[in-house]
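Please consult the sequence and the coordinates alongside the text.

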Amino acid sequence: MKALVYLGPNKNALEDRPKPVITAATDAIVRMTRTTICGTDLHILKGDVPTCVPGRILGHEGVGVIDAVGAGVSSFKPGDAVLISCISSCGTCVYCRKLMYSHCTTGGWILGNKIDGTQAQFVRIPHADTSLYPIPSGADEDALVMLSDILPTGFECGVLNGKVSPGSSVAIVGAGPIGLAALLTAQFFAPSEIIAIDLDDNRLDVAKRFGATSTINSTDGRAHEKVMELTGNRGVDTAIEAVGIPATFELCEQIVAPGGVIANIGVHGTQVALHLERLWDRNITITTRLVDTASTPVLLNIVRSHKIDPTLLITHRFKLDKILEAYETFGHAADTRALKVIIEVA
């Protein structure tokens, strides 16, 4: 089969690899039909994720069709259309019983990280019964690809962890795909103000179309001052960090109001300063999280009812044989205006 392989920092290639096989009774082999590229894949390529070693097939998102199942799989059979969760969960360990699937003792974020992932023609899914979701007939597969990771991540790590509530004020630092996913799902809770902050005017325009009440281009270094002007010098109740670099996290520290929450989504590969000299007396909560995908069933229902349209995040499409071009496009989003790309595998 064809697969996109990580070869070390700043190196990847489309290679021929053996088709995966069942190795445990709870495995399923899925023939991929659509996948995508995540910002986390770019972090891997930068060398920020040491658990992902050279030789690994990348990717942790997508939809496909069951090709084969192990003897212990009871919920799926060959031919079933399925949504792949970016998190593999056994459903029974101490963390899964707490709905912390990302810390599953035999799963978690392993696809495209510790085991071969979804940017290939076939993928092996461990714990298939609890790591796959059936796709109803007639569903929009493009929309469902966004439910593998990006929507639950924005929702769980940003909106739920950030305690967004009716009438509250929210700032999303980073209007890339994950920040926009947080913006879309924050509106479930009717905040009075959603401020989108980014360096890219195109992404800020998209954020405005998606429901941001205000946008700030932070190129001039005055984003903190502008947020304070918008909020009567109070700051925001929820500051969502959706980039994963020191400057954006420290901006969240500057703009959060007393009693507020800093909800970190970004993957941080370098040290960030925590300014307790400013925050120690301000009743601030800082949350971190790897997506658990516990919200996926809820989000599936919301998408089915057309309350939100995840396909708004899709800007580019490629065939699998053009996936290197897709990486170039996604990795240079400021020039290409890319948000999410769909890779059509079959």
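## Salt bridges

Arg 289 is partly exposed, at a relative accessible area of 26%, whereas Asp 292 is buried, at 5%. Here buried means under 20% relative accessible area, exposed over 50%, and partly exposed in between, with a 1.4 Å probe and protein chains only. The two side chains form a salt bridge with an N to O distance of 3.0 Å. A salt bridge requires a side-chain nitrogen of Lys or Arg within 4 Å of a carboxyl oxygen of Asp or Glu; by this rule the count is 18. The model is predicted: local features need pLDDT of at least 70 and side-chain atom pairs count only at pLDDT 80 or more, while totals for chains, interfaces and linings use all residues. Residues are numbered from 1 along each chain as its sequence is written, and side-chain values use heavy atoms, leaving out hydrogens and water.

Side chains of opposite charge can pair when their charged atoms come close. Arg 34 and Asp 142 are such a pair, with their closest N and O atoms 2.6 Å apart. This bridge links distant parts of the chain, since Arg 34 is in strand β3 (residues 28-36) and Asp 142 is in helix α3, 108 residues apart. Helices (H or I, at least four residues) and strands (E, at least two) are DSSP runs, numbered from the N terminus. Arg 34 is partly exposed at 21%, and Asp 142 is buried at 9% relative accessibility. Asp 220 and Lys 226 form a further salt bridge, with closest N and O atoms 3.0 Å apart. Both residues of this pair are partly exposed, Asp 220 at 44% relative accessibility and Lys 226 at 22%.

## Nonpolar cores

A nonpolar core is a set of buried Ala, Val, Leu, Ile, Met, Phe, Trp, Tyr and Cys residues joined through side-chain atoms within 4.5 Å. The largest has 86 residues, among which Val 30 and Leu 132 touch the most other members. Helix α5 (residues 177-186) gives the most to this core, with seven residues.

Contact means heavy atoms within 4.5 Å. With neighbours within four places in sequence left aside, Leu 132 is in contact with Ala 28, Val 30, Ile 66, Phe 76, Val 82, Leu 83, Ile 84 and Ile 125. A second, separate core has 16 residues, including Ile 195, Ala 239, Cys 252 and Ile 255.

## The second largest pocket

A pocket is an open set of points on a 1 Å grid over the protein atoms alone, where a 1.4 Å probe fits, with protein on both sides within 12 Å along at least five of seven lines; lining residues have an atom within 4 Å of a point. The lining of the second largest pocket comprises 15 residues, and Asp 140, Ala 143, Val 303, Arg 304 and His 306 lie nearest its centre. Two or more lining residues come from each of α3 (141-145) and α10 (296-304); α10 gives the most, with three.

## The surroundings of Cys 86

Cys 86 is located in the loop between β5 (81-84) and β6 (122-125), and is buried, with a relative accessible area of 2%. Beyond its neighbours within four places in sequence, Cys 86 is in contact with His 60, Gly 108, Trp 109, Ser 148, Asp 149, Val 291 and Thr 293. Between Cys 86 and Gly 269 the C-alpha to C-alpha distance is 20 Å, at a separation of 183 residues in sequence.
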